Amino acid sequence: MSMFTSPKREDDMPEDHSFGGRPSPATVIAGGVRVEGDFTSQGDVLIEGEVHGNVTTTGLLTVGPQAKLKAGVKAEKAIIAGIIEGNLEVGSHLDIKSTASILGDITCQTASVESGATMDGRVEIGAKAAQPGQKHGAKAAASHDGKEDE
Amino acid sequence: MNPAYAYIYDDFLSDRGFERDIASLETKLNTFELAGRIGRLALFRSAKDLVEDLVRQGATTVVVVGNDTTLDKTMWFLPDLDVTVGYIPVTGPNAVAKLLGIPVGVEACGVLAARLIETIDMGRVDDRYFLTEISLPATIASLEIEGQYNVSSMHGGSLTVRNLGGRVGSEMVVADAKDGFLEAVIVPMEQERSSSLWKRVPTAKGTSIHLRHGVITSKDPVEAVVDNHAVSGFRFEVSVVPKKLRIITGRGRRLGATGVLQDHGRNGTVRSAQKRSLTARFSFPR
């Protein structure tokens, strides 16, 4: 019952600042979870569940292979492995994985696309995409219409 | 006696089994010249009235003596008083003491004497404060965040909104109580076949969202646990009150961290910390 006779020493524990100080909170939407509405974040976002609405983040957006987004998406950087039905605007680099399926227009600065990914919509690579939360005035450097299978 | 200090003893400390411990504690406090007035919680005595009376008598540091349950009995009103809060855990449960870096027993007097004060956020659910978390263990309730979007588990699950964190099984889960945010964690249930039956089990991964304000709603009445106190209702409004509580902490405090503290010690000593990161939780199939 009493613990006075054997006090524990906690001095070996590191102080909190040793692993604190993250730049911004990370957001995770796990599988089996649905988000409805305008989802906005200032940090990195990982989505493995479902989103209906809009997604905006100033950080890295990662869409997992099981994720389904029926949403307009704006992000500074993005890695897409799941399904997106909606326009995708990326400020800098877009990484499209082989399991990705994007039904909508894509705007980004640079992109890499793995073999097996499917896209259906206009693709503007090298365009100055809008900052997340702003209207975009894209300048097309390259565009493709129709379904693309690499 | 130091009039600036007041001590709130939980009623279980009147048990004879704690006599020696309390005597040792009071001797140590005398050594540090920290002995002060003592108020004792009792079944039909209002903790709020007791503390407010001690504050009127000049106490500026209120020290809760007991365990995490004692802390729970006082945290709902302490943030509104102009005091610094101390904590001397005498016995378990003491997960909050670990998060605050406060050792159990007379060693805590050294922490009190050092007066390493942190100002931390407090959570608020409807009209009461909470220090650790509000949790709905199995629910289909949804969480509306900042009035902009709703988050819900598709097949039910647990919903927890954390300020400081708490104990989940053998692990202590820490949220950052100094970042001006609460952390909502939703762990959905998934169906798993067990022999001839399907059963619902929590998935390994949880949803984590940071928020300042949210509303938990359910069509059916649900029971929530707020700092180990059960409340029930259809709607809970949660928010964070930044920099609301001045609290004395130890060197091993975990206030600026997030993640899971793994508990490997036989006596519950925390020995390692694991920071949650996106890269560690997610990898693409090749």
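Let me start with a strand pair: in chain B, strand S8 (residues 142-145) and strand S16 (residues 213-226) run antiparallel and share 4 bridges. Strands here are DSSP runs of E, at least two residues long, and helices are runs of H or I, at least four long, both numbered from the N terminus. Two strands pair when DSSP finds at least two bridges between them.

Before going on, this is a predicted model, in which local features need pLDDT of at least 70 and side-chain atom pairs count only at pLDDT 80 or more, while totals for chains, interfaces and linings use all residues. Residues are numbered from 1 along each chain as its sequence is written, and chains are lettered from A and ligands numbered from 1 in the order in which they are written.

Back to S8 of chain B. S8(B) and S9(B) make a hairpin with 3 residues between them, and B:Glu146 in the turn has a positive phi of about 50 degrees. Which way do the residues of S8(B) point? B:Ser142 and B:Glu144 point one way, B:Leu143 and B:Ile145 the other, and all are buried. Buried means that 20 or more other C-beta atoms lie within 10 Å of the residue's own; exposed means 12 or fewer, partly exposed is in between, and C-beta atoms are placed from the backbone.

Now the domains. Chain B is assigned domain 1 (5-114) and domain 2 (124-242); such bounds come from an automatic or database domain assignment. Their C-alpha centres lie 29 Å apart. Between them, 10 residues of domain 1 are in contact with 14 residues of domain 2, contact being C-beta atoms, placed from the backbone, within 7 Å. On the domain 1 side, the elements giving two or more residues are helix H3 (68-75) and helix H4 (95-99). That side divides into 7 nonpolar, 1 polar and 2 charged residues. Nonpolar covers Ala, Val, Leu, Ile, Met, Phe, Trp, Tyr, Cys and Pro; charged covers Asp, Glu, Lys and Arg; the others, Gly among them, are polar.

Helix H5 (residues 107-114) of chain B has as its buried residues B:Glu107, B:Ala108, B:Cys109, B:Val111 and B:Leu112. What do they pack against? The partners are helix H1 (19-31) and strands S3 (61-66), S4 (84-89) and S17 (229-249) of chain B. Just after H5(B), B:Arg115 takes a positive phi of about 50 degrees.

Next, the core. A nonpolar core is a set of buried Ala, Val, Leu, Ile, Met, Phe, Trp, Tyr and Cys residues joined through C-beta atoms within 7 Å. The largest one has 113 residues, and B:Val62 and B:Val63 have the most contacts inside it. Its largest share, 7 residues, comes from strand S5 (residues 68-80) of chain A. Beyond four places in sequence, the contacts of B:Val62 include B:Ala6, B:Ile8 and B:Leu78.

Chain A has 0 helices and 14 strands. Of its 150 residues, 44% are buried.

Last, confidence. pLDDT is the predictor's confidence in each residue, from 0 to 100. Chain B has a mean of 84, with 82% of its residues at 70 or more. Over residues 263-286 of chain B, pLDDT stays under 50. The model scores ipTM 0.76 and pTM 0.80.

How values were computed
Two residues are in contact if their C-beta atoms, placed from the backbone, lie within 7 Å.
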